[in-house]
Amino acid sequence: MKAHLTAEQVREDFLSFFREKGHEIVPSDSLVPHNDPTLLFTNAGMNQFKDVFLGEGTRPYLRAADTQKCLRVSGKHNDLEEVGFDTYHHTLFEMLGNWSFGDYFKKEAIRWAWELLTERWGLDGGRLYATVHEGDARLGLDADHEAAGFWKSETTIAQDHILYCRSKDNFWMMGDTGPCGPCSEIHVDLRSDEERARVDGKTLVNSDDPRVMEIWNLVFIQYNALGDGTLQPLKAKHVDTGMGFERMVAVLQGKKSNYDTDLFRPILDGAAALSPRADIRAYDDLDIASEVERDRVRVAMRVIADHVRTISFAVADGVMPGNAGRGYVIRRILRRAVRFGYQTLGLHEPFLYRLSETVISLMGAQFPELVRNRAYIERVIRAEEESFLETLGTGIQFFDRVVPYVAALAGGESTESVSARLAGDRSTLDLLDKAYADTTDRPAIMKRFLDTAGRRDLPGEVAFLLHDTYGFPVDLTQLMAREVGFGVDMARYDALMKGQKDRARAAANFRIDQSSTDEWSVVSAGEDSVFVGYDRSRVDGASIRAMRTTGGNGETRHEVILDETPFYAESGGQVGDTGTLTVGDETLTVLDVQKRQGRLVHVVDRLPSNPDAPVVAEVDTARLARIRKHHTVTHLMHSALRRILGKHVAQKGSLVAPDHLRFDFSHFERVTPDELRAVEEMVNRTIQRNIERREDRDVPLQEALDRGATALFGEKYQERVRMITFDPEYSVELCGGIHVEATGEIGVFRFVSEGSVAAGVRRVTAVAGEDAVRHLHGELDELHRVRGQFRSLQRPSDEEVADLIEQNRRLQKELEDVRIGALASRLEAFIGSAVEVAGARLVTGRLDGVDMNGLRVLGEQLRERLGAGSVGVLGSVDPDGTKAYLVVSVADDLVAKGVQAGRIIGTLAKIVGGGGGGRPTLATAGGKEPAKLGQALSETAAVIAAAMG
C-alpha cells in the first residue's frame with residue numbers, strides 16, 4: 001500500500017485522478033438542498049445532479065467528480081443511533097464520487113475504480129471483492145453478466161471474488177419511480193492473514209462485519225422505473241459512484257476505526273483537553289481502571305467529535321437550531337452531544353463552540369464556507385449550548401430520581417416495597433406531580449408510574465416532562481433509558497404530544513369555530529368564494545350563496561358566503577379585511593373574513609332580511625391601505641434581516657395588521673441596536689427608491705423556485721403559485737397577500753421592539769406609513785418630557801442619564817461592599833470550627849440572605865484565608881426563601897491530588913434540588929429546595945471523605 005497518506009492527500013488524490021480522466025471537478029453542494037423543500041438534508045452525492053437523471057436539466061460537462069458533504073439522521077438513512085457506539089457510523093460524512101451523464105458506462109467505471117484503488121493507492125487486490133446484481137425476476141432482469149465480464153476483462157481481481165448479490169444490495173432506485181439501475185460494490189477485507197485463512201472473506205461480504213466492508217459503490221443508471229413496476233431502458237445511460245471518504249481514509253491509514261484517523265483525532269483529543277476530569281488526558285490516554293468506564297468515556301468522545309462536525313457544517317450552510325424541520329434535527333444532535341459531555345466528561349460549561357474551531361482548521365481548506373462563517377458558527381453553537389445547559393442538570397436529576405424505582409421493579413423488588421419507599425420520597429413525588437399533571441391524586445399517580453415502570457419502561461409522562469420542561473428531545477431520553485437497560489413508553493409519550501398539539505391548534509383556531517355543526521342555509525346555487533381582491537376593492541351585483549347564525553366559544557356569529565368577493569380572508573399572517581355588504585337597501589358591517597374548508601366566510605354584524613337581493617361588497621380601503629404597507633414592508637424587512645444578520649434568518653411566524661407588523665424569525669442571539677438600525681436604513685432606502693411591484697400569478701411552483709422565490713421548508717404549496725417581486729436581487733417571495741403598487745407608498749419604516757419568543761427565535765414589531773410617523777412623534781414627545789426633568793439643558797440628555805446611572809451603580813457597589821465586609825467577619829468563626837476529614841481541613845458555614853454573587857466572593861475570600869490542604873463550603877438561602885446557594889473552594893494542592901470543587905458541588909447540589917459547576921478550585925450551585933440546605937452542609941464531610949479517598 002502507498003506510504004501513509006493524510007486525509008487531505010486522499011481527497012486530493014481522488015479528485016486529481018478523475019481530473020486526469022477528463023472530469024470537471026465541481027464543488028460540494030450545500031447540506032440544504034436547493035429548490036427541494038421536501039428533503040431535509042443532502043444525503044447523497046447524487047442530490048445535486050437529480051435533475052439530470054430525471055431528464056429535467058443538463059450540465060455543461062458530461063463527466064464530473066466531487067466530494068459531497070452529506071448528512072443522514074432521519075428516514076431510511078438514519079445513522080444517529082449508532083454514532084459513537086461503533087467506530088464507523090457518522091451523521092455527517094463526505095461522499096467522494098465520479099459521474100458520467102450519458103458518456104462512459106460500466107467498462108470505464110470499473111477499470112478506473114480498480115486502477116485508483118490498486119495502482120494509485122496500492123491496495124492489495126487479493127483483499128478486494130466486487131459484487132454485481134444477481135438478477136430479479138420481479139423486475140424482469142437477468143443477472144448483470146455485463147458488469148461481471150468487465151471485472152474479469154478490465155481488472156486483475158480473482159474470479160472467485162466476483163460475487164452475485166440480490167437487489168437489496170445491488171440494485172439502486174431513486175424512488176418508487178424514476179431513474180434506477182444495477183450497481184457494483186467494492187468491499188475490502190481488513191482481517192489478519194490468519195483470520196482470512198480460517199474464514200473465506202466472501203462469506204462476510206454484506207454481512208455487517210466492520211472488518212469486511214463496502215468502500216465504493218458504482219451505480220449504473222440504465223432504466224426508468226414506471227408506476228406499474230416495470231422497467232423501461234433509458235436512452236442515455238449514466239454512472240453515479242459513491243465512496244465513503246472517512247472509511248477510505250481509515251483503510252489507507254491502516255486504522256481499524258474511522259475515529260483513529262487524522263480526520264477525528266484532533267477533535268477527540270481537543271474534547272479530552274477541555275474535560276476537567278484529571279483521568280482523561282487524551283482519547284488513548286485514560287487513567288481509568290474500569291474497562292466499562294473507559295468505553296463509556298470513549299463513546300462520549302466519539303459522539304462529540306462526530307456531532308460537532310455535523311453542527312458546524314449545518315450552521316455554516318444556514319441551518320439554525322430550532323423546534324421544527326432542519327433546525328430541530330440540528331438541535332437534537334447538539335443537545336445529544338452536550339448531554340454526553342456533561343454527564344461523562346464533566347463539561348458543565350459550553351464546549352462545542354470551542355471544538356468547532358478544530359473542525360474549521362481541519363476542513364476549512366476544502367470547505368471555505370467554514371472559514372467564512374467562523375465567528376458566526378461559534379456564536380450560534382455557544383448560544384444553543386447555554387440555552388440547554390440552563391435546564392440540563394435539573395432534567396438529569398429528575399431522570400436520576402425516577403430511574404432507581406424502575407430498576408428496583410426490574411430487579412425483582414415487590415411493587416408494595418417500591419411503593420412504600422416512593423411514598424416517603426417527597427422530592428420525587430413532587431416531580432411526578434408535574435409529570436402526571438392530569439390528576440392531583442398521589443396514590444393514583446404512584447400506581448400509574450409503577451404500572452409502567454413494572455414493564456421496564458420509563459413512563460411517557462416522564463419523557464414528556466423532560467421534553468416540554470427541560471428541553472430533552474425524546475430520542476435523548478430514549479438513549480439515556482437504554483444506557484441503564486430500559487425503554488420508554490412511546491405510545492403514551494406520543495399521545496401526550498398529540499394532545500398538546502391538538503390543544504395548540506384548537507387555541508389558534510378558536511375564532512374560526514371549526515367544530516360548529518350549524519348548517520348553512522342555501523340562498524342561491526352556483527360557484528362561490530371567487531376572490532377578486534387583487535384587482536378590485538368593490539364588487540357590484542354579487543350574490544349571497546349561503547348564510548347562517550352559529551354559536552361557539554360563548555358568542556353568536558353571523559356568517560355569509562358570496563359568489564365572488566373583494567374581501568381578503570385571514571391567511572399568511574395578514575388579517576382579514578373589514579368593510580360593508582349592502583344587500584338591497586340594508587347595509588351589513590363586515591367584521592372579519594376567514595377561510596374555512598376552501599370557502600371565504602364573511603363574519604357580519606347581522607344577517608340580511610332579504611338575502612336574495614343583489615349585494616355591493618366594499619372593502620374598507622383606508623384600513624386596507626395601511627395593511628398593504630405593513631405587508632409589503634414585511635417582505636422588505638425579511639430580506640434586509642437576511643442581508644444584515646445572515647442567510648440563516650427564516651420566517652417562523654408573522655402578523656400583518658393595519659397598525660403594526662409582528663415578525664418571528666430564526667436567529668441565535670439578540671439583534672443589537674446597530675443591527676436593527678442597519679436593517680431599518682436598508683428598508684427605508686428601498687422605500688425611497690419607489691420600486692414598482694411585479695406580480696406573477698399562476699406560476700408553476702418549480703419555475704418560481706428556480707427564479708429565486710423564497711420557499712419555507714415544510715410549507716405546503718399548490719402546484720401553481722403567486723410571486724411578488726420588488727427587486728429580483730432583493731425580495732422575491734411566494735405570497736397570496738395584498739401589497740402596495742410601489743415601495744414609495746409605504747413612506748417610512750420604524751422598528752418598535754425586539755425580543756425572544758423561544759430558543760433560537762427572535763421577534764420584532766414594527767410600523768410603517770402614518771403609523772410609523774405617529775410612533776416617531778411619540779418617541780420625540782417622550783424625549784422632550786425626559787429632558788424636561790433635568791435642571792440644565794446645556795448638556796445632552798444621554799450624558800445626564802449616564803451620570804445618574806453611574807452614581808446609582810457606585811452607591812449600590814458601596815452598599816454591597818459594606819454588606820459583604822460585615823459577613824466576611826463571620827468567616828473567622830467558621831474557620832475556628834474547622835474539622836479534619838481524611839487528611840483535609842474542612843470548613844463549613846451558613847450565611848442566609850446572600851445571593852449567588854455575594855456567596856462566590858465570600859467563597860474566594862475563604863479560600864485565600866484557608867491556604868493549603870483545605871476545603872471550604874458555604875451555603876445561603878436567598879432573601880425570599882425560594883432558592884438555596886452553595887459555593888465550594890478547594891486548595892491547589894488538593895486539586896493536584898484529584899479533589900475538584902466541581903465534583904463536590906455536583907453531589908451537594910443534588911441534595912438541594914439543583915445543579916452547578918465551575919473551576920476545580922471554586923464551584924457554585926443553586927437549588928430549588930432551600931429547606932434541605934442544612935442537610936447538604938451536614939453531609940459535606942462524607943462527600944469530602946469520598947473525594948479524598
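Good morning, everyone. Let me start with Asp698, which is found in strand S28; strands here are DSSP runs of E with at least two residues, helices are runs of H or I with at least four, and both are numbered from the N terminus. Asp698 is not a glycine, and yet its phi is positive, at about 60°. Most residues other than glycine have a negative phi.

A quick word on the model. It is a predicted one, where local features need pLDDT of at least 70 and side-chain atom pairs count only at pLDDT 80 or more, while totals for chains, interfaces and linings use all residues. Residues are numbered from 1 along each chain as its sequence is written, and side-chain values use heavy atoms, with hydrogens and water left out.

Back to phi, then. Asn690 also has a positive value, near 55°, and is a residue other than glycine. Where does Asn690 sit? Its place is in the loop between helix H21 (673-688) and strand S28 (694-700). Asn690 counts as partly exposed because its relative accessibility is 42%; buried would be under 20%, exposed over 50%, and partly exposed is in between, with a 1.4 Å probe and protein chains only.

Now to Gly229. This glycine lies in the loop between strand S10 (212-225) and strand S11 (231-244). With a relative accessibility of 40%, Gly229 counts as partly exposed. From Gly229 to Gly485 there are 256 residues in sequence and 44 Å in space, C-alpha to C-alpha.

Next, please look at a helix pair. Two packed helices are described by the angle between their axes and the distance between the axes. Helix H9 (residues 291-316) and helix H13 (residues 374-410) have axes that come within 9 Å and cross at roughly 115°. Those axes are lines fitted to C-alpha atoms over the stretch in contact, with angles from 0 to 180 degrees between N-to-C directions. Which residues meet there? Ile311, Ser312, Val315 and Ala316 in H9 meet Tyr376, Ile377, Val380 and Ile381 in H13, where contact means heavy atoms within 4.5 Å.

Finally, the whole protein. There are 30 helices and 38 strands, and the C-alpha trace spans about 95 × 90 × 70 Å along its principal axes. Of the 949 residues, 52% are buried. Among contacts with a separation of 6 or more, 68% come from residues 24 or more positions apart.
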